[in-house]
Amino acid sequence: MPKIGPVQLSTPFILAPLAGYTDLPFRLVCREAGAGLAVSEMISCHGLNYGQPQTISMLKSLPEERPWAVQLFGAEPESMGRATATVAAMAVDIIDINMGCPVPKVVKKGAGSALMKLENLGTAEAVIRAVVRNAADKPVTVKFRSGWDEKSVIAPDFARMCEAAGAAALTIHARTRSQQFGGKADRQIIASVKQAVSIPVIGNGDICSYGDGLAMMAETGCDAVMIGRAALGNPWIFQPSGLPDTLAGRLPVILRYIELAIQHLDAARLLFRIKHHLCRFLSGLAGAAALRQEIIVCVNLAEVMRLLQERAG
Ligand SMILES: Cc1cc2nc3c(=O)[nH]c(=O)nc-3n(C[C@H](O)[C@H](O)[C@H](O)COP(=O)(O)O)c2cc1C
């Protein structure tokens with residue numbers, strides 16, 4: 001099983017950071033379903049340094065979630081270093097740096113995948129070194145893409161730079177920034193990153209099932225895989241048996257998510273967040289579209305629960 005620095009994972013399947021989704025309850029149900037590690041939503045180093053309450057709330061975890069990873073984003077080494085020191089003092093096992101986000105709001109500030117632009121590679125290295133220096137010996141990982149665009153597919157060289165700067169493991173989402181989420185992730189790039197470094201490599205992009213995750217490891221030699229979109233509404237992807245095809249089969253995990261959400265999410269956002277995840281949990285079920293419409297208009301949680309129990313039979 002993969003080891004990231006001193007952190008031993010129990011399975012090589014990792015839940016990707018997904019802004020707007022990988023809150024504590026969802027991470028926990030994925031861990032309970034078999035994910036060996038889950039990563040927080042991306043967290044702004046500035047939000048942390050300014051002590052913004054909403055940013056701080058994203059660092060909420062529980063002992064049973066450990067090991068867990070917090071992902072930071074930012075473009076200034078000093079700010080990233082300071083935010084790292086705050087996180088490293090908490091019960092966090094791995095600190096991940098986002099160098100893959102393609103969203104204009106992030107890229108415009110020089111963060112995320114902008115750190116893979118050829119002119120920014122020096123800054124990328126300085127960010128990694130600052131994070132490693134401030135991480136109190138906790139392993140630091142870097143998540144990046146194939147490159148900025150098709151003319152600069154630099155992932156293997158970028159990986160070597162990350163390793164030399166002190167990264168303990170790497171995640172490669174095998175698409176360029178220009179591709180965003182289009183086209184297909186190129187598994188050959190994952191294989192070449194694996195060959196370029198001696199630290200563990202986590203392959204990412206388009207894994208659609210447990211078996212497909214195993215196939216990516218076999219095809220590329222990567223040490224672990226990270227699953228993003230296909231895990232939404234589908235924590236069963238972390239098990240060989242896969243997604244149950246009836247609501248009754250899915251209900252125990254859905255109710256567990258709701259239970260954890262009630263315990264751990266901010267009451268003001270609770271109903272919205274639960275509906276947000278529930279719509280995903282219903283994907284592919286007969287009558288899902290109609291049930292989603294009914295859930296969306298529910299005015300409280302009791303109504304949502306009653307509807308689910310009723311339809312599960
Ligand atoms: C809704 C959404 C939110 C995401 N948020 C993050 C994020 O916060 N940090 C990050 O590094 N990647 C983020 N990603 C990218 C995923 O972690 C992952 O790299 C990408 O979706 C490819 O994997 P997949 O094909 O398994 O989804 C996000 C992707 C989606 C669809």
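Which residues does valine 131 touch, not counting residues up to four places away in sequence? In this predicted model, valine 131 touches Met80, Gly81, Thr84, Ile95, Ile97 and Val140. Val131 is also one of the residues that touch the most other members of the largest nonpolar core, together with Ile14, Leu72, Ile128, Leu170 and Val225. This core holds 93 residues. Helix α6, which spans residues 121–134, gives the most to the core, with 6 residues. Both domain 1 (3–238) and domain 2 (247–312) supply at least three residues to the core.

The overall fold is described next. The secondary structure of the protein comes to 13 helices and 10 strands. The radius of gyration is 19 Å, close to the 20 Å that the globule rule gives for 313 residues, so the protein is as compact as a globular protein of that length. Taken along the principal axes, the box filled by the C-alpha atoms is roughly 55 × 45 × 35 Å. Of the 313 residues, 45% count as buried. Among contacts between residues at least 6 apart in sequence, 67% join residues at least 24 apart.

The protein is divided into two parts, domain 1 (3–238) and domain 2 (247–312). Their C-alpha centres lie 29 Å apart. To the contact between them, domain 1 contributes 12 residues and domain 2 contributes 13 residues. On the side of domain 1 that touches domain 2, the largest share, 6 residues, comes from helix α1 (residues 24–33). By class, this side of domain 1 has 8 nonpolar, 2 polar and 2 charged residues.

The model also includes a ligand, which is surrounded by 21 residues. The closest of these are Ala16, Pro17, Met42, Gly228 and Arg229. The shell around the ligand divides into 9 nonpolar, 8 polar and 4 charged residues.

Helix α8 (residues 187–196) has buried residues Ile189, Ile190, Ala191, Val193 and Lys194. The elements that cover the buried residues of α8 include the strands β7 (140–147), β8 (169–176) and β9 (201–204), as well as the helices α7 (155–164) and α9 (210–220).

Methionine 116 lies in the loop between α5 (104–107) and α6. Methionine 116 counts as buried because it has 24 C-beta neighbours inside 10 Å, and 20 or more are needed for that class. Leaving aside neighbours within four places in sequence, methionine 116 is in contact with Met99, Phe144, Arg145, Gly147, Trp148, Ile154, Phe158 and Arg177.

Alanine 91 and leucine 62 are 29 residues apart in sequence and 8.8 Å apart in space, C-alpha to C-alpha.

Some backbone features were then examined. Most residues other than glycine have a negative phi, and most peptide bonds are trans. The peptide bond from arginine 66 to proline 67 is cis, with omega near 0 degrees. Proline 67 is found in the loop between α3 (53–57) and β5 (69–73).

A positive phi is found in glutamine 180, where the value is near 55 degrees. Glutamine 180 has its place in the loop between β8 and α8, and it counts as exposed because it has 12 C-beta neighbours inside 10 Å. Aspartate 206 has a positive phi as well, near 70 degrees. Aspartate 206 is found in the loop between β9 and α9. With 19 C-beta neighbours inside 10 Å, aspartate 206 counts as partly exposed.

Definitions and conventions: Residues are numbered from 1 along each chain as its sequence is written. This is a predicted model: local features need pLDDT of at least 70, side-chain atom pairs count only at pLDDT 80 or more; totals for chains, interfaces and linings use all residues. A residue is near a molecule or strand if its C-beta atom, placed from the backbone, lies within 6 Å of it. Ala, Val, Leu, Ile, Met, Phe, Trp, Tyr, Cys and Pro count as nonpolar, Asp, Glu, Lys and Arg as charged, and the others, Gly among them, as polar. A nonpolar core is a set of buried Ala, Val, Leu, Ile, Met, Phe, Trp, Tyr and Cys residues joined through C-beta atoms within 7 Å. Helices (H or I, at least four residues) and strands (E, at least two) are DSSP runs, numbered from the N terminus. Domain bounds come from an automatic or database domain assignment. Two residues are in contact if their C-beta atoms, placed from the backbone, lie within 7 Å. The radius of gyration is taken over C-alpha atoms; the globule rule is 2.2 Å times the number of residues to the power 0.38.
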